[in-house]
Amino acid sequence: MGVRLFGASRRAGASPLPSLSDGLIPIFERKEAMPELSSTLPVEAAYRRFRRCFYLWYAGYDLCFAYAVYTIFFSLRGLSVLQIALLLSWWSLTSILLEIPTGALADCWSRRALLVVAPLIKALCFVVWFLADGHFALYALGFLCWSLGSALVSGTEEALLYDTLAHYDRRQDYERVLGHGMSWKYLSQAAGAIVGGILASFGIQWAILLSVIPLLFTAGCALTFREVPRTEPAREIHYLQHIRLAIRELCDNRLLRYLSIYLLGISIVGEVEEFDQLYYQLVHLPIAAFGAVMCIEMLASALAARLAHRMKGKAAVFAGLPLIGAVCLLLVWRFPSISGIGLILLAYAVITPVRILAESRIQHGITGVSRATVTSAINFIIGGLYIGVPVILGLIAKAWQIPAIYLAGAIQLLVIAGWVWCVRGRLNGTL
């Protein structure tokens, strides 16, 4: 989901986690046994190779045919709107509980290994859903697998990207590379939505099951990553120390606090988005067109992501773009229709650049040794505060119909835009 948004290196020769044995496959071997970047490969060529592999990984992790239809899949399997909302809240709960533990794991273990394992665990979600046959508990189990996979990715991918760019002396490219990575992710979601819609027209269960295939490919892409020296001092820090240091940095770093509040405010669009398929059903959009609509959404978001780095340094966008999104959602609430779908897609697209800029600013603002843990801690805070939001939105829909959900989203975007405007003096150099 939307919040379905968001280290210290081990010294050479440091021991692996006690529970790992020397006999496991290479991706789980201790760091000194992992291959280093080839000295014969020119630096520029190695950098370009990393970017290509990173983009492939980013795209493959979200190339899931189920994205276009999974909410309506639950509805067709007999779940009520409130049951679907409970599942989404369970998804949020499990995600936030796993955030910080997996972030600390990424700071004291191989980030590459986590990026190999994560898509395999996420793939289990779709297998379980395919076999669930209407059983609520099995759908919840599937979401648990998805949460664990995504928690292993959250914080890990940003930290690996930042450290690799720092290794090649390309820190200034972070916004550009992250934006391009997200644009490839959105493009893959667009392709997945089209295929998912086609598969659903033959049988919605096939869009669920066949989502496993791209995730297997993604795990293979992660095998091409190489560990590089991390930007933090090379000193041994234990697992629990990473958690304590991350909490201390969040308390002491005003920049991170402001950015966390901002991400908290704009993340409402991710929660609202979960009910889009029910809105499509309300306005009588044919189910075969669900994938096409998601494809358009992802193409628009991909374009917005690629343009994000051009907005760097323009403080007005942090208030202006949420304001535009709020106006779009207000119109959707007031005039529900098929044409309102375009306004929904526009609202989501305009939030994409400011999310990228805020997340990249967080990476530049982290000064401590626990980069992945700090990133995961921020996601934990946001996820924790949003844990009951799907149920609240579900109750709003039950009392005042589905369009009222978009009114709630618009109000929060107006609040965050107003907050940025009111504290803009204190945010100079921050947003």
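Colleague: Hi! What should I know before I start looking around?

Modeller: The model is predicted, so local features need pLDDT of at least 70 and side-chain atom pairs count only at pLDDT 80 or more, while totals for chains, interfaces and linings use all residues. Residues are numbered from 1 along each chain as its sequence is written, and side-chain values use heavy atoms, with hydrogens and water left out.

Colleague: Thanks. How many salt bridges does the structure hold?

Modeller: It holds 1 salt bridge, meaning a side-chain nitrogen of Lys or Arg within 4 Å of a carboxyl oxygen of Asp or Glu. The partners are Asp 62 and Lys 122, at 3.9 Å from N to O.

Colleague: Where do Asp 62 and Lys 122 lie?

Modeller: Asp 62 is in the loop between helix 1 and helix 2, and Lys 122 is in helix 4 (residues 111-132), so the pair ties together parts that are 60 residues apart in sequence. Helices here are DSSP runs of H or I with at least four residues, numbered from the N terminus.

Colleague: And are Asp 62 and Lys 122 buried or exposed?

Modeller: Asp 62 is buried, with a relative accessible area of 12%, and Lys 122 is buried too, at 0%. Buried means under 20% relative accessible area, exposed means over 50%, and partly exposed is in between (1.4 Å probe, protein chains only).

Colleague: Which ring does Lys 122 lie over?

Modeller: Lys 122 sits over the face of Tyr 61, at 4.1 Å from the ring centre. For that label, NZ of Lys or CZ of Arg must be within 6 Å of the ring centre and within 35 degrees of the ring normal.

Colleague: Rings, then! How many aromatic pairs turn up?

Modeller: A search of the whole structure gives 25 aromatic pairs. One of them is Trp 57 with Tyr 61, which is stacked at 5.3 Å centre to centre and 15 degrees between the planes. Rings of Phe, Tyr and Trp (its six-membered ring) pair if their centres lie within 6.5 Å; planes under 30 degrees apart count as stacked, over 60 as edge-to-face and the rest as tilted.

Colleague: How far apart are Trp 57 and Tyr 61 in helix 1?

Modeller: They are 4 residues apart in helix 1 (residues 43-61), which puts about one helical turn between them. Trp 57 and Tyr 61 are both buried.

Colleague: What about Phe 73 and Tyr 139?

Modeller: Their ring centres are 6.1 Å apart and their planes are at 85 degrees, so that pair is edge-to-face. Phe 73 is in helix 2 (residues 70-76) and Tyr 139 is in helix 5 (residues 136-153), so the pair ties together parts 66 residues apart in sequence. Phe 73 and Tyr 139 are both buried, and they belong to one aromatic cluster that also includes Trp 91 and Trp 146.

Colleague: Changing topic: which residues form the nonpolar patch on the surface?

Modeller: Leu 323, Val 327, Leu 331, Phe 335 and Leu 414 do, with about 420 Å² of accessible area together. Helix 15 (residues 317-334) gives the largest share, 3 residues, while Phe 335 is in the loop between helix 15 and helix 16 (340-365). Patch residues have over 30% relative accessible area and no salt bridge; like charges are joined within 9 Å, and nonpolar side chains (Val, Leu, Ile, Met, Phe, Trp, Tyr) within 5 Å. Accessible areas come from the Shrake-Rupley method with a 1.4 Å probe, and for residues only the protein chains shown count as cover.

Colleague: Last one: what does Ala 358 touch?

Modeller: Not counting residues up to four places away in sequence, Ala 358 touches Leu 259, Tyr 262, Leu 263 and Phe 318, where contact means heavy atoms within 4.5 Å. Ala 358 is in helix 16 and is buried at 0%.

Key. Helices (H or I, at least four residues) and strands (E, at least two) are DSSP runs, numbered from the N terminus.
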